[in-house]
Amino acid sequence: MIEVYIDGASAGNPGPSGAGIFIKVNGNVERHSIPLGEMENHEAEFHALILALRICLDNNYRTVSFRTDSQVVNASIEKEFARNKKFAPLLDEALELSKQFDLFFMKWIPSVQNKAADELARVAIRKNKK
């Protein structure tokens, strides 16, 4: 099982944003720090999820367990519903991508357990500002 830790962050709400993706694959680690441009924090969280799903699919990872500290993203995936209509298209895209895996899990974790992805998202914000 591939473990995927995701985080989106914004410097301001909205503001320069970034996605952090930390992937554990058979004892190896992949780190992705991706600038996202100007957006709100929750939008950045959804974009981090979508980017991570694409990375996993591109690498042919078939069984994945995603971890997020975003209760909004986790609840939206679980219920297949976004309370905020602004996030509905992002959720739809994430759900379509998630269905391409043999096995896909999403689990909420406290922020303290998501520090690697959080730091990668902050690095992406700094890249964005340059």
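How many bridges join strand 1 to strand 2, and in which sense do they run? Eight bridges join them, and the two strands run antiparallel. The points below start from there.

1. **Ground rules.** This is a predicted model: local features need pLDDT of at least 70, side-chain atom pairs count only at pLDDT 80 or more, and totals for chains, interfaces and linings use all residues. Residues are numbered from 1 along each chain as its sequence is written, and side-chain values use heavy atoms, with hydrogens and water left out. Helices (H or I, at least four residues) and strands (E, at least two) are DSSP runs, numbered from the N terminus. Two strands pair if DSSP finds at least two bridges between them.

2. Strand 1 covers residues 2–10. Eight of its nine residues are buried, where buried means under 20% relative accessible area, exposed over 50%, and partly exposed in between (1.4 Å probe, protein chains only). Strand 2 covers residues 15–25. Across this antiparallel pair, S10 has S17 as its bridge partner, and Y5 has F22. Strand 1 also pairs with strand 4 (residues 63–68), here in the parallel sense and over five bridges. There, V4 has F66 as its bridge partner.

3. **The turn between strands 1 and 2.** These two strands form a hairpin with four residues between them. G12 sits in the turn and has a positive phi of about 110 degrees. Look also at the peptide bond from N13 to P14: it is cis, with omega near 10 degrees. P14 lies in the loop between strand 1 and strand 2.

4. **Strand 2 and strand 3.** Ten of the eleven residues of strand 2 are buried, so this strand is largely enclosed by the rest of the structure. Strand 2 pairs with strand 3 (residues 28–39) in the antiparallel sense, over eleven bridges.

5. **D7, a charged residue inside.** Is D7 buried or exposed? D7 counts as buried, because its relative accessibility is 2%. D7 belongs to strand 1. Its contacts (heavy atoms within 4.5 Å), leaving aside neighbours within four places in sequence, include G18, A19, G20, E45, D69 and N114. A117, D118 and A121 are also among them. D7 and A19 are twelve residues apart in sequence, yet 5.8 Å apart in space, C-alpha to C-alpha.

6. **The two sides of helix 2.** Helix 2 covers residues 71–79, and its buried residues are V73, N74, S76 and I77. Seen down the axis of helix 2, they fall within an arc of 165 degrees, so they line one face of the helix. The arc is that of the directions from the helix axis to the C-beta atoms. An α-helix has 3.6 residues a turn, so residues three or four places apart point the same way. On the other side of helix 2, Q71, E78 and K79 are exposed. The buried residues pack against helix 1 (41–58), strand 4, helix 3 (88–98) and strand 5 (103–108).

7. E80 follows helix 2 and is found in the loop between helix 2 and helix 3. Its phi is positive, about 55 degrees, although E80 is not a glycine. N60 is not a glycine either, and has a positive phi of about 60 degrees. N60 is found in the loop between helix 1 and strand 4. N60 is exposed, with a relative accessible area of 53%.

8. **The largest pocket.** What volume does the largest pocket have? It is about 170 Å³. A pocket here is an open set of points on a 1 Å grid over the protein atoms alone, where a 1.4 Å probe fits, with protein on both sides within 12 Å along at least five of seven lines; lining residues have an atom within 4 Å of a point. Grid points are joined across faces, edges and corners, and a volume is the space filled by probe spheres set on the points. The lining includes Q71, V72, K79, F81, R83 and F87. By class, the lining has five nonpolar, three polar and two charged residues.

Conventions:
Nonpolar A, V, L, I, M, F, W, Y, C, P; charged D, E, K, R; others polar.
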